[in-house]
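Thanks for coming. I will go through one structure today, starting with a sheet and ending with a pocket.

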Amino acid sequence: MTKIVLASVSPQRRKLMKILGLPFIVRPSRAKELTHLTRGCAHLVQINALRKAQEVARRLREGLIIGSDTVVYSAKGHLILKPRDRREAKKNLKELMAKPHWVYTGIAIVDAKSGRKEMGWEKTKVFMDKISDKAITRYHKLVSPLDKAGGFDIEGKGALFISRIEGCYFNVVGLPLAKLAGMLKKFGVQALCYFLFISICHADAAPPQVCHLDDCVTVEKVSKEGDMARGLMYRASLEPDEGMIFVFNNDDKYGFWMKNMHFNLDIVWINLDGRIVYLGQNIPACAKDPCPVYTSDQNARYVLELNSGYTAIHHWKVGDALKLKGIFEK
């Protein structure tokens with residue numbers, strides 16, 4: 001049987017590995033984690049997972065080495081890592097309770113003998129109830145936040161103030177089992193619970209997404225005339241990695257205006273092949289007529305609206321190819 005090696009000392013990940021029904025050993029990785037975003041959360045967690053797996057693989061002659069990395073991304077647009085002390089843990093938790101946030105986990109599998117590698121990632125949106133400072137203090141006395149991304153646990157007492165999630169539960173614990181089982185299958189390893197947990201984590205259809213490289217935006221798809229005319233009018237805000245995509249039946253140079261908007265936008269015109277043909281950045285909201293109309297100089301089939309600054313932060317540019325997931329009508 002192929003030797004499975006977990007490159008992590010995390011007790012949560014060890015417990016999840018046991019659910020897979022595969023024998024494994026633990027060899028902690030000495031690799032240093034990167035903590036600065038350059039190409040988005042998905043890229044960061046995959047690179048860290050690969051660094052961990054490769055460091056252990058270099059010390060072994062054979063076996064499949066599993067590396068994993070988890071980060072929490074705040075609605076304010078920055079990473080919340082493992083807290084340095086309880087004061088920072090309380091501050092972080094209050095920020096996470098204020099608005100929904102995202103948990104990203106990257107997985108890398110490296111074959112120590114051949115060097116072959118596979119990488120993947122999952123993202124889960126987490127909604128928390130607000131609790132008092134005293135309640136947070138009591139929670140941290142019962143559950144140490146210092147060894148957890150974001151400083152909370154979903155599988156223990158932290159579940160009491162996590163009202164709901166969108167995505168895979170095991171991803172928040174620290175190891176998305178369905179993703180891992182699918183990756184192991186590519187190496188010829190069949191997890192006993194694969195079909196069971198693939199249904200748990202992916203029972204609901206995934207929401208539509210637009211992806212640029214490793215970064216994906218969850219989008220609200222509109223194609224009806226009334227919804228298109230209303231768009232994002234009167235809304236107070238968008239979540240950091242959410243947007244609205246307009247789906248048209250024909251190619252044209254579609255014009256958009258910012259009347260009755262309450263925040264600025266980046267607007268992306270996309271052709272039928274999924275390439276960016278025109279890009280408007282930091283387009284200002286307009287409260288009074290006459291409001292200018294912003295139009296592409298190239299024909300487009302889709303128009304995507306995002307928070308202002310998103311395309312600059314994630315390095316989108318004209319000519320880039322996007323993946324449109326769940327956008328097309330069946």
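**A sheet, a helix and a pocket**

In strand 9, T218 is the bridge partner of Q209. Please keep in mind that this is a predicted model.

Let me stay with that pair of strands for a moment. Strand 8 covers residues 209-212 and strand 9 covers residues 215-222; the two run antiparallel and are joined by four bridges. Another of the facing pairs is H212 with D215, the latter in strand 9. What do strand 8 and strand 9 form? They form a hairpin, with two residues between them. In the turn, L213 has a positive phi of about 55°.

Now the other neighbour of strand 8. Strand 16 pairs with strand 8 over three bridges, again in the antiparallel sense. Here the bridge partner of Q209 is K325.

Next, the side chains. In a regular strand they alternate between the two faces of the sheet. Are the residues on the faces of strand 8 buried or exposed? Q209 and C211 on one side are buried, and so are V210 and H212 on the other, which leaves both faces covered.

Seven strands make up an open sheet with mixed pairing, and the order is 13-12-15-10-9-8-16. At the edges are strand 13 (276-283) and strand 16 (323-325), each of which pairs on one side only. From one strand to the next, the twist averages 25°.

On to helix 2. It has 17 residues, and at 1.5 Å a residue it should span 24 Å; the end C-alpha atoms are 24 Å apart, so the two values agree. Of those 17 residues, 14 are buried, so helix 2 is largely enclosed by the rest of the structure. Buried here means under 20% relative accessible area.

Rolling a probe the size of a water molecule over the atoms shows where empty space is left. The second largest pocket has a volume of about 590 Å³. It is lined by 34 residues, and the closest to its centre are S10, R13, K82, D147 and A149. Helix 1 (11-19), helix 2 (41-57), strand 3 (64-73) and helix 5 (169-173) each give two or more residues to the lining. Which element gives the most? Strand 3 does, with five residues. By class, the lining has 16 nonpolar, nine polar and nine charged residues.

Key:
Residues are numbered from 1 along each chain as its sequence is written. This is a predicted model: local features need pLDDT of at least 70, side-chain atom pairs count only at pLDDT 80 or more; totals for chains, interfaces and linings use all residues. Side-chain values use heavy atoms; hydrogens and water are left out. On a 1 Å grid over the protein atoms alone, a cavity is a set of points where a 1.4 Å probe fits but cannot get out, and a pocket is an open set with protein on both sides within 12 Å along at least five of seven lines; lining residues have an atom within 4 Å of a point. Grid points are joined across faces, edges and corners, and a volume is the space filled by probe spheres set on the points. Ala, Val, Leu, Ile, Met, Phe, Trp, Tyr, Cys and Pro count as nonpolar, Asp, Glu, Lys and Arg as charged, and the others, Gly among them, as polar. The expected span of a helix is 1.5 Å times one less than its number of residues. Buried means under 20% relative accessible area, exposed over 50%, partly exposed in between (1.4 Å probe, protein chains only). Two strands pair if DSSP finds at least two bridges between them. Axes are lines fitted to C-alpha atoms, for helices over the stretch in contact, and angles run from 0 to 180 degrees between N-to-C directions.
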